[in-house]
Amino acid sequence: MRTIGIFIVSITSLLIIQSLPAYSFGGKFLEKLRGDSSSDKNLNQQVTLNYQGRDMYVHIPRNLPLFGTRAMVIVLHGGMGNAQRIASKRSEKGMNLDETAEKYGYIVVYLNGTAVTKFLGSDKKGWNAGECCGQSADNNIDDVGYIKGAAEFLVKKYGIDPARIYGMG
């Protein structure tokens, strides 16, 4: 009976500790408790990563849930746009979710398509959505495979729960 009581107190203490900010117990202890501290070093930061030759911009909020329980929203730019312009709020500002991610504690990733034309510059990007979409369609780019692979990469890197991945664009 005494063992069960100690177990319940221990679980209750763990639940209280995990909800406190990292600075409450001197960072290192809580980093280990929350998960992979190497992935948490970039808290409240925009990180540029390259996956399969395409840049992606990842916004990591200050307060994240436990490693393995985190949510992620994947943002896809419109035709002739690009991820960097959304992430920097230069265009498609309504699709920038950084402030909301800070408020609710989820990761946002802004993915890039591929160049739509040879003539307008490599910053004018699009997605292979069939005949509409220039070089992406002409070159039979597998954007579905790219998005799926990028999501899997980010799940491992940042401890995202695969059941909590959302998309918009």
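Tyr-51 is buried, with a relative accessible area of 17% (buried means under 20%, exposed over 50% and partly exposed in between, using a 1.4 Å probe and protein chains only). Tyr-146 is buried as well, at 1%. The model is predicted, so local features need pLDDT of at least 70 and side-chain atom pairs count only at pLDDT 80 or more, while totals for chains, interfaces and linings use all residues. Residues are numbered from 1 along each chain as its sequence is written, and side-chain values use heavy atoms, with hydrogens and water left out.

**Aromatic rings**

- The structure holds 2 aromatic pairs (rings of Phe, Tyr and Trp, the last by its six-membered ring, pair if their centres lie within 6.5 Å; planes under 30 degrees apart count as stacked, over 60 as edge-to-face and the rest as tilted).
- Tyr-51 and Tyr-146 form a tilted pair, with 5.9 Å from centre to centre and 40° between the planes.
- This pair links distant parts of the chain, since Tyr-51 lies in strand β1 (residues 45-51) and Tyr-146 in helix α7 (residues 143-158), 95 residues apart.
- Helices (H or I, at least four residues) and strands (E, at least two) are DSSP runs, numbered from the N terminus.
- Ring pairs join Tyr-51, Tyr-146 and Phe-153 into a cluster.

**Charges over rings**

- The charged end of Arg-54 sits over the ring of Tyr-146, 3.9 Å from its centre (NZ of Lys or CZ of Arg must be within 6 Å of the ring centre and within 35 degrees of the ring normal).
- The charged end of Lys-157 sits over the ring of Tyr-158, 5.6 Å from its centre.

**Helix α7**

- Helix α7 has 16 residues and reaches 22 Å from its first C-alpha to its last, close to the 22 Å expected at 1.5 Å a residue (the expected span is 1.5 Å times one less than the number of residues).
- The buried residues of α7 are Asp-143, Tyr-146, Gly-149, Ala-150, Ala-151, Leu-154, Val-155 and Tyr-158.
- Gly-159 follows α7 and has a positive phi, near 70°.

**Met-80**

- Met-80 is found in the loop between β3 (70-76) and α4 (83-87).
- At 33% relative accessibility, Met-80 counts as partly exposed.
- Leaving out residues up to four places away in sequence, Met-80 touches Arg-85, Val-116, Leu-120, Asp-123, Lys-124 and Lys-125 (contact means heavy atoms within 4.5 Å).
- The C-alpha atoms of Met-80 and Trp-127 are separated by 9.4 Å, and these residues are 47 apart along the chain.

**Disulfide**

- The structure holds 1 disulfide (a pair of cysteine sulfur atoms within 2.5 Å).
- The disulfide joins Cys-132 to Cys-133, with 2.1 Å from S to S.
- Cys-132 counts as exposed at 61% relative accessibility, whereas Cys-133 counts as buried at 14%.

**The whole protein**

- The secondary structure comes to 7 helices and 7 strands, and along the sequence the pattern is α-α-α-β-β-β-α-α-β-β-β-α-α-β.
- Of the 169 residues, 38% count as buried.
- Among contacts between residues at least 6 apart in sequence, 60% join residues at least 24 apart.
- The protein exposes about 9,800 Å², and carbon and sulfur atoms supply 58% of it (accessible areas come from the Shrake-Rupley method with a 1.4 Å probe; for residues, only the protein chains shown count as cover).
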